[in-house]
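Some questions about this structure are worked through below. Please look at the sequence and the model before reading the answers.

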Amino acid sequence: MTSRRRVLSRSAALIGTASISLLLPAITRAQSAKLRVGLMLPYTGTYSQLGVAIENGFRMAIEEQGGKLGGREIEYFKVDDESEPAKGIENATKLVQRDKVDVLVGTVHSGVQMGIQKVARDSGVLSLIPNAGVHAATRSLCAPNVFRTSFTNSQPTRPLGAAMVARGHKKAVWITWKYAAGDEAFEGFKEGYLAAGGSIVKELSLPFPNVEFQALLTEIAALKPDAVACFFSGGGAVKFIQDYAAAGLKGKIPLYGSGFLTEGVLDAVGSAGEGIVSTLHYADSLDIPRNRAFRLAYAKTYKLQPDVFAVQGYDTGLLLIHGANAVKGDMNNKAALYKALESATIDSPRGKWTMSKSHNPVQDIYLRVVENKENKVIGIAAKALADSGAGCKMA
Ligand code: BEZ
């Protein structure tokens, strides 16, 4: 090597060392800066209580770990999505582009989730779904950066029909709100009910979040089915349970539900809720140490009883803690982060669950009945139930 070339290569090496040492503090800075968490949830409207419960559960999980994620302080950014699908993309974009969140936690409503899904797929931001069960999010539109900690809409209702037939209720009317959550809950119900030998007399619906149930309840009374099965949740579930009793149907035609029907509403509906049988991945009375400890801590912190939405928020926190710890707070280490999230076993108040290949929980579904304003477990309706993940091709 000529002396001129030796000088040049030595100076190139020096420049390289200098730029690496200039870069290192930047990387360390990025990891020591606050980790930005976006919460996109409904804080108004029929699902407002669901949004609050999810945030409560999420924050409780983080606080139990000292309030940090992978050693980093947290800064929260919040958007009220109003359960309004038309604003889904705009609201998710605010969190991703304006607030530059490292992780987007949201949401409740399946239609709004489709907006988040688009933004998550386009931007690559880590997206954790703490409720919305829309099939596409972990089926045809699944993505490496999207993980769900709740359910697919058909998961809780898939085992409901067999439980109804076992109780001698072979002719049912189905009633729901007409949007993805109701339609897909029906899909699961129909599959299980028909397979168990049941028949569906009529499928009734009204637009979300309409609560004018009167005409439909009159129609149910005239149809005289063995039972009614439904999907409603939040404020609308309170009204449906109350109206069902007020119409004189309670005690005459047994009411069954996707378990969301009786979550977070039992104080409000009082005696009208007693005896409703449902299927869900959680029950208040689950007698496992993890659930007992969770319920005590939640009641102490928030002066409220937790429900399935609080559990899902809590589990979203647990999953994020697991991922952030695995990469020591470096959320840009995507390969290691996703690997950790995919292989997590979440020790949840609902019982332990794992992530399916399409990033949706594999979990037990419980058969429950409302007794003394509590969702009591009366059986396991399905063990380690996984969603099909149909059409999910992870890049
Ligand atoms: C949904 O829109 O996906 C949903 C809303 C409330 C409870 C369960 C599912």
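The questions and answers that follow concern a predicted model.

Q: In what order do the five strands of the open sheet stand?
A: The sheet is open and built from five strands, and the pairing is parallel. Neighbouring strands are turned against each other by 20 degrees on average, direction ignored. The order is β2-β1-β3-β4-β5.

Q: Why is one side of β2 and of β5 left without a neighbour in the sheet?
A: The strands concerned are β2, residues 74–80, and β5, residues 146–148. Both stand at the edges of the sheet. One side of each is without a neighbour because each has a single partner strand.

Q: Which residue in β5 is the bridge partner of Ser127?
A: Strand β4 covers residues 126–129 and pairs with β5 in the parallel sense. The two strands are joined over three bridges. For Ser127, the bridge partner in β5 is Val146.

Q: At what angle does helix α3 run to β1?
A: Helix α3, residues 88–98, lies across β1 (35–41), β2 and β3 (103–105). Angles are taken between N-to-C directions on a scale from 0 to 180 degrees. For α3 against β1 the angle is about 165 degrees.

Q: How far is the polar side-chain atom of Ser110 from an oxygen atom of the ligand?
A: There are 15 residues around the ligand, and Val108, His109, Ser110, Gly133 and Tyr179 come nearest. A polar backbone atom of Val108 is 3.3 Å from a ligand oxygen, and for a polar backbone atom of Gly133 the distance to a ligand oxygen is 3.0 Å. For the polar side-chain atom of Ser110 the distance is 2.6 Å.

Q: What percentage of the ligand's accessible area does the protein cover?
A: The ligand on its own has 260 Å² of accessible area. The share of this area that the protein covers is 100%.

Q: What kind of aromatic pair do Tyr47 and Trp177 form?
A: The model holds 20 aromatic pairs. In the pair of Tyr47 and Trp177, the ring centres are 6.0 Å apart and the planes are at 75 degrees. Tyr47 lies in the loop between β1 and α2 (48–64), and Trp177 in strand β6 (residues 171–177), 130 residues apart. Since planes over 60 degrees apart count as edge-to-face, the pair is edge-to-face.

Q: Which peptide bond is cis with omega near 0 degrees?
A: Most peptide bonds are trans. The bond from Gly106 to Thr107 is cis, with omega near 5 degrees, and Thr107 is in the loop between β3 and α4 (110–123). Pro209 is in the loop between β7 (199–206) and α7 (214–223). The cis bond with omega near 0 degrees runs from Phe208 to Pro209.

Q: What is the phi of Lys303?
A: Lys303 lies in the loop between α10 (289–302) and α11 (308–326). Most residues other than glycine have a negative phi. Lys303 has a positive value, near 55 degrees.

Notes. Residues are numbered from 1 along each chain as its sequence is written. This is a predicted model: local features need pLDDT of at least 70, side-chain atom pairs count only at pLDDT 80 or more; totals for chains, interfaces and linings use all residues. Side-chain values use heavy atoms; hydrogens and water are left out. Two strands pair if DSSP finds at least two bridges between them. Helices (H or I, at least four residues) and strands (E, at least two) are DSSP runs, numbered from the N terminus. Contact means heavy atoms within 4.5 Å. A residue is near a molecule or strand if one of its heavy atoms lies within 4 Å of it. A polar contact is a pair of N or O atoms within 3.5 Å; within protein, one must be able to donate a hydrogen and the other to accept it, and residues adjacent in sequence count only if both atoms are side-chain atoms. Accessible areas come from the Shrake-Rupley method with a 1.4 Å probe; for residues, only the protein chains shown count as cover. Rings of Phe, Tyr and Trp (its six-membered ring) pair if their centres lie within 6.5 Å; planes under 30 degrees apart count as stacked, over 60 as edge-to-face and the rest as tilted.
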